[in-house]
Amino acid sequence: MPDPYPFTALVGQDDLRLALLLNAVSPAVGGVLVRGEKGTAKSTAVRALSALLPDVDVVPGCRFSCAPDAPDPQCPDGPHEVGPGVQRAARMVELPVGASEDRLVGALDIERALAEGVKAFEPGLLADAHRGILYVDEVNLLHDHLVDLLLDAAAMGASYVEREGVSVRHAARFLLVGTMNPEEGELRPQLLDRFGLTVEVAASREPEQRVEVVRRRLAYDDDPEGFAARFAAEEAEVRERIAAARALLPHVRLGDGALTRIAATCAAFEVDGMRADIVMARTATALAAWAGRTDVLAEDVRQAALLALPHRRRRNPFDAPGLDEDKLDETLDEFGPDDTPDDDPEPEGPDDQGPDDDGPGGGGGLPPQDGPAPETSEQEGPGPREAPETPAAPPAPGPAAQEQRPVSPGEPFRTKMLSVPGLGEGAAGRRSRARTEHGRTTGAVRPRGALTKLHLAATVQAAAPHQRARGRSGPGLVVRRDDLRQATREGREGNLVLFVVDASGSMAARQRMGAVKGAVLSLLLDAYQRRDKVGLVTFRGTKAEVALPPTSSVDTAAARLETLPTGGRTPLAAGLLTAHEVLRVERLRDPARRPLMVVVTDGRATGGPEPVKLAGRAAGLHAVEGTASVVVDCESGMVRLGLAAQLAGQLGGTAVTLDELRADAIAGLVKDVQGQRQTTNQTRRRAA
């Protein structure tokens, strides 16, 4: 296996490297979430860090990596006596996206537990990562319940496995690093908050830096060992500096002034809860130790805020993470003077390389801004100024002239629950009924493969008639593998919600488009909360287009909706046919995920020969394939043609108006119906 890419050979990405090093110094910081586009060395940096961690001493033969001088008293392989241990390198364990719960936390042999009363436990990835690094690539694509288990173990330092009354507990303290591409979907705010630090990474726009990245990568691919040898001395220095910072960390003093700045900063940015304050305090302390100081300074608090607060300021999935640095500086200036000593220069780090230094500095700092500096009038120099450009002539009349400016969406609201009928078997979510691993128990079946969820009553019922034949003599039940029954459970699944939005001129009339966009935005927010994938098809003029292919990134769909222009005729048939093709491809990619098509239109069809007839045929294609459909009727005014309801009938779906889409409106309608029934019943009693 080739040597990993050296950590000190990474070019740029200062914040990423600093955040990883701070967690290596103090794992109590709570891990790092690395957000960024593909191809930005996220995975390379994490794998390179594992080679810098100090070796660990473990109890010989212990599968849970207990420390020989302080073994875990509840270790499943224990109890261990204090004594000499063996030394090994710190592990980096990767959690694949498709991992099961048993692979993550470990598995209990239920058959042996019932038949022999033995806690036969097979450790999972959390046990393997104890005292090392647990790396989760594409953490935003993991099932929510796995992310919950992962973050609970990281917070408590232990993992608990419960199966039908049999429980096992073991230590699980690790450096947690997750990476994600925001284009593929966001994490819930509750899960974002559990990561200590977050870092945004992007490829440099500086040609010189990009050239150096390519040059180093090609050199590594040609000769991994030789390339690693070039950076061996720098790697050793960073490794020693991590060990020195760990030793210094208990002696770092977090004074009242620094604590006041931390509390004031969290209050000024209105972050929820107290976790941000605690993480900032730990991060500032780790920064001081990394810089070789025993006092936390204002610059440490500032850098800690830049790493710990951006992802905690999101209020909904459409908010971009970030921090106002001017406001941060004002807050720090207001609460306490700068206590940085003038005569105490920062110690240089082992990877300081002068002005072209790639490594993280003593106190961190922000990465350099990409791109050339903007030109100013002083840079232009003497010479004649260019004449101002002549304004362009107005466009000639035509289809482009009919296009209207994008309108802002209305205020989002809580929507009616839309679901796919029947029972599915898709990915876990919160929309439609489905057979899932988690949920209420509905029955029992013979297990196919490994048993994961035991149905205890059905297992006992299957084993009970055979006890005499099996020679049962004691109080225990004689259970064999044929008796075991797997519990079948029903929960909720996430669906593919495909929005087909009419952006024609008829929708722009009477200021309807703002309300329509507000409704679609509300449905997108509902899709985010219910763990759906979403897609967006728009139609206007003479054609339809896929504005957003199916994705888990709901905020990307909201951004596309924001800039959606309107105008032109209504090619309804083209919109439905494009949606049909999108769903056909998605059924091949993910057959288990059931689609829900939401058509947002007033039902009109114009443009081309026989537009109404063609729209009816296109709708019939969806009806034949059984696609669950909802038509949101956007028609308004005193006179209504009811075309959206006709379209819903052709699709085999249902129609709701914009007003009926609101959850509070639905509740109001239910109350009105209940009130009418009560009045009718009272009238009947009086008449009787």
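**Note on charged pairs and overall composition**

1. Arg440 is exposed, its relative accessible area being 53%, where exposed means over 50% relative accessible area, buried under 20% and partly exposed in between (1.4 Å probe, protein chains only). Its side chain meets that of Glu490 in a salt bridge, at 3.5 Å from N to O; a salt bridge is defined as a side-chain nitrogen of Lys or Arg within 4 Å of a carboxyl oxygen of Asp or Glu. This pair links distant parts of the chain, with Arg440 in strand 13 and Glu490 in strand 14 (residues 486–493), 50 residues apart. Glu490 is buried, at 14% relative accessible area.

2. The model is predicted, so local features require pLDDT of at least 70 and side-chain atom pairs count only at pLDDT 80 or more, while totals for chains, interfaces and linings use all residues. Residues are numbered from 1 along each chain as its sequence is written, and side-chain values use heavy atoms, with hydrogens and water left out.

3. The chain contains 23 helices and 20 strands; these are DSSP runs numbered from the N terminus, helices being H or I of at least four residues and strands E of at least two. Of its 688 residues, 46% count as buried. The accessible surface of the chain comes to about 34700 Å², and carbon and sulfur atoms account for 51% of that area (Shrake-Rupley method, 1.4 Å probe; for residues, only the protein chains shown count as cover).

4. Contacts (heavy atoms within 4.5 Å) were examined by sequence separation. Among those in the chain between residues at least 6 apart in sequence, 79% join residues at least 24 apart.

5. How many salt bridges does the structure hold? The total is 31. One of them joins Glu101 and Lys453, whose closest N and O atoms are 3.9 Å apart. The pair links distant parts of the chain: Glu101 lies in helix 3 (residues 101–105), and Lys453 in the loop between strand 13 (440–445) and helix 16 (456–463), 352 residues apart. Glu101 is buried at 13% relative accessible area, and Lys453 also counts as buried, at 15%.

6. Arg604 forms a salt bridge with Asp602, with 2.9 Å between the closest N and O atoms. Arg604 counts as partly exposed at 28% relative accessibility, whereas Asp602 is buried at 0%.
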